[in-house]
Amino acid sequence: MLKFLNKTRQLLYPNVRNLSHSLTACQSNAASESTTSVGKETLASKPALILPQNYADHAPVNRNSARQAWIENVDAVAERKVGLMELHPDVFAAQPRVDVIQENIEWQRKYRYVSMAHTKTRAEVRGGGRKPWPQKGMGRARHGSIRSPLFKGGGIIHGPRSPTSHFYMLPFYKRVMGLTSTLSVKLAQDDLHIIENVEIPTRDAQFIRDLIKERNWGPSVLIVDKHDIFPENICYATDLMGYVNLMPAFGLNVYSMLKHDTLVLTVEAVKHLEERLLYQLHRNDAASKQNKFKLDQV
Amino acid sequence: MAGSTKVILNIPRLTGLKQFMRSLHTDYARLSSFRSSSEVKPLEQYPEVEVLHNPPEWKYVERLLPPRTVPQPVEKSEYPSGWQPQTANGEESGYFVARTKNHMVPVYLNTRFRGQRRLTIVRYIQGDIWALERDLRQVVEQARNGKLCATRVNELSGQIHIHGDYVDLLREHLKSKGF
Amino acid sequence: MAHLRESTDKALKLLRTLPRVQIGNLRPNPNSKQNDKRGRAQHGGDKHGAGNKGSGQRQNFMRLGYETGNQPFYLRFPYEPYYKGHHMRREYPPISMLQLQVLIDTNRIDISQPIDIATLCNSGLMSLKPAELQYGFQLTDDGLDNFKAKINIEVQHASEAVIAAVERNGGVIRTAYYDPRSLHILSNPKKWFEKGLPIPQRMLPPQDAVEYYTDAKNRGYLANPEEISKERLVLAQKYGYELPRIEDDANYKMLTAAKDARQLFHGLEPGWLINLVDKTIVKLKAT
């Protein structure tokens, strides 16, 4: 078991941090490391992209080392490592609070759910205005209405009344923690992939199917870019595939991340997410976000 | 019917009547309504203004804008308030207590049952939480003259709960260890 | 520092050996959910834990203090109306000297500029609710001995000891009145600038506050400056410290910066319009 964990750890932290960040050294190292599928000439034609992050503004609170992830290409089905990206440990190596993820899922289900279950009270059931039989002298129990809740076909007491809103807000920092936890879980389980951009060469859906099969993604994939306007090719290619979805970074949420097996982020989206989440973790007016949620708040 | 009155009111000769009708509607003041504000007058009736780009007074405006994120503390020779920056990184102790985003030591008091139960909560713990729990319990038990102290460790969320109000004691202890 | 990664990394490594976290295999923490259903019949149906008869079962408790016909305790004795008119009184939420020093030590407040309500609210740690009759901050004397900063501060209420503590360090303290509208603006200036309205005038204090704010002993903003400098000397002699000469101070200009009685912000005059987007100020054209 321990041996296995150590092995996975090697996978988790590829030992590239020691590399010098100068371009030539990067190239030679990357070339020497990648022996199997990547040809030397492809790397030589395009210098490897190494994105060390500068965390001057928000030094990691988390004592974890920064995570590193490969940047992959999408211009061909065959996998090629385009570069390496450093990820902020507060966002991508946070404590995996699975309980907070569950609370987020429950909240996302409930806050927009309006129950339409409905029952009629004795006043709303048709009829029942007349006293069914005289109070005395019949030898029967006294009753005033055939729609009393005691009667078959009568009204229902304390039944569900529609519309019943189940709206509530999860505390702000639980929502933030849900996002960081989910991203960390996805990265730890190898379900998070980073691509350089979303420019695929063809609008053929078969290309996406081949890509997913080749890269061992999915089956269901969520592709996230920074902006909500995606290139034409990928829109056409994924339009009719229900299990491949596109989403802008500002719409990323816990439910969608977990609904899809694999999360694919572009480099731009990763940077945007890190920037936004670190801002929320360090914002000056955090106290104002922790107030009770009001429906008419700005 | 409504259409016909509209036609009549649109005849130029009846503009006086139109204004009279409008005055009927705008005469009374309603608080918090657009009707309580005066109508826009011709531009000449307003005083002349000038628009200054990057005026020297802009520095006073910038002073009034809050920082976006919590500023980092600056190095000082002394901190009279008793606050001190974090110096330990957990190398020797094996555990680490991170500061909050406001650079404070995360020791809190939780009162339940109308103040009958007081819990001291230490948060943001990383590393060997069990070693920290042993250390903190020793400090608290020393303060209680050797009486035992109940604690609870939540390793997943990195928290230690200690029975009783020992916030000041534990905060000073953690600060003395550099956290 | 491998051992420090233990807590988080242990969990993340464990997740690598576990099935994929999905919507279908999540569940809440054990015992975290309270069952809000009421048992029927044999499953706790009898009294549902409310006891037998009376207030406990029907939840019709007597009003607070009522003693079933006796003269209640709270009416039994004559009293002094400490809280008379409390719903109309001005409230000044306290800030202690210790809190102020912590704000300065942690770089939340810039002491190279005059401090007022806007500075305190912009730190993100203090807030003011003018709608709840909070009329600004009072500076209280907790942690007064540890106060070491030289500041120019404007608060709404301050005790004599606090005034002495600020002036002993070579600082300047002033008490000033702001009307609720001005307080609303000062409690979040950025939000108010975004409305695009001209800066209003600050109102003068109401009748019952005039005495406080014209008194030099309170360093009121409407007091005679000559008298204030005299009172500074008097206070220094009373508390036994030597009054630092702020005239010789390098920051003399900052330390003596004061708002006009009708002015809301330092350096900005009533009637100006601030445009944060274009970084422009709209002023009346000088005639």
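The model is predicted, and local features were considered at pLDDT of at least 70, side-chain atom pairs counting only at pLDDT 80 or more, whereas totals for chains, interfaces and linings use all residues. Residues are numbered from 1 along each chain as its sequence is written, chains are lettered from A in the order in which they are written, and side-chain values rest on heavy atoms, without hydrogens and water.

Confidence is expressed as pLDDT (the predictor's confidence in each residue, from 0 to 100). Chain B averages 86, with 81% of its residues scoring at least 70. Over residues 1-9 of chain B the pLDDT is below 50, and this stretch has three contacts in the model beyond near neighbours in sequence, a contact being defined by heavy atoms within 4.5 Å. For chain A the average is 85, and 83% of the residues reach at least 70. The pLDDT remains under 50 over residues 1-44 of chain A, a segment with 42 contacts beyond four places in sequence. Chain A is divided into domain 1 (48-102 + 168-290) and domain 2 (116-165), with bounds taken from an automatic or database domain assignment. The C-alpha centres of these two domains of chain A lie 56 Å apart.

The interface of chains C and B brings 40 residues of chain C into contact with 40 residues of chain B. Together the two chains bury about 3600 Å², 62% of it on carbon and sulfur atoms; buried area is the accessible area (1.4 Å probe) that two parts lose on being put together, summed over both. Three salt bridges cross this interface, each defined by a side-chain nitrogen of Lys or Arg within 4 Å of a carboxyl oxygen of Asp or Glu. One salt bridge links Glu57(B) to Lys283(C), with the closest N and O atoms 3.2 Å apart. On the side of chain C that touches chain B, at least two residues each come from α1 (6-17), α3 (97-105), α4 (117-122), α7 (189-193), β6 (273-275) and β7 (280-284); these elements are DSSP runs numbered from the N terminus (helices H or I, at least four residues; strands E, at least two).

Between chains B and A, the contact involves 16 residues from chain B and 18 residues from chain A. The buried area is about 1300 Å², of which 51% is on carbon and sulfur atoms. Arg68(B), Lys101(B) and Leu156(B) contribute 46% of the area that chain B buries against chain A, more than any other three residues. The rule finds one salt bridge across this interface; Arg68(B) and Glu275(A) pair through their side chains at 3.4 Å, N to O.

Over all chains, the structure holds 34 salt bridges. Among them, Asp190(A) and Arg16(C) meet at 3.3 Å, N to O. Asp190(A) lies in the loop between α6 (172-188) and β6 (192-195) of chain A and Arg16(C) in helix α1 of chain C, so the pair joins two chains.

Backbone geometry was also examined. A cis peptide bond joins Ser162(A) and Pro163(A), with omega about -10 degrees, and Pro163(A) occupies the loop between β4 (114-115) and β5 (164-165) of chain A. The bond from Gly218(A) to Pro219(A) is also cis, with omega near 20 degrees; Pro219(A) is located in the loop between α7 (205-215) and β7 (221-225) of chain A. In chain B, Asn145(B) has a positive phi of about 55 degrees although it is not a glycine, and Asn145(B) falls in the loop between α4 (129-143) and β6 (151-154).
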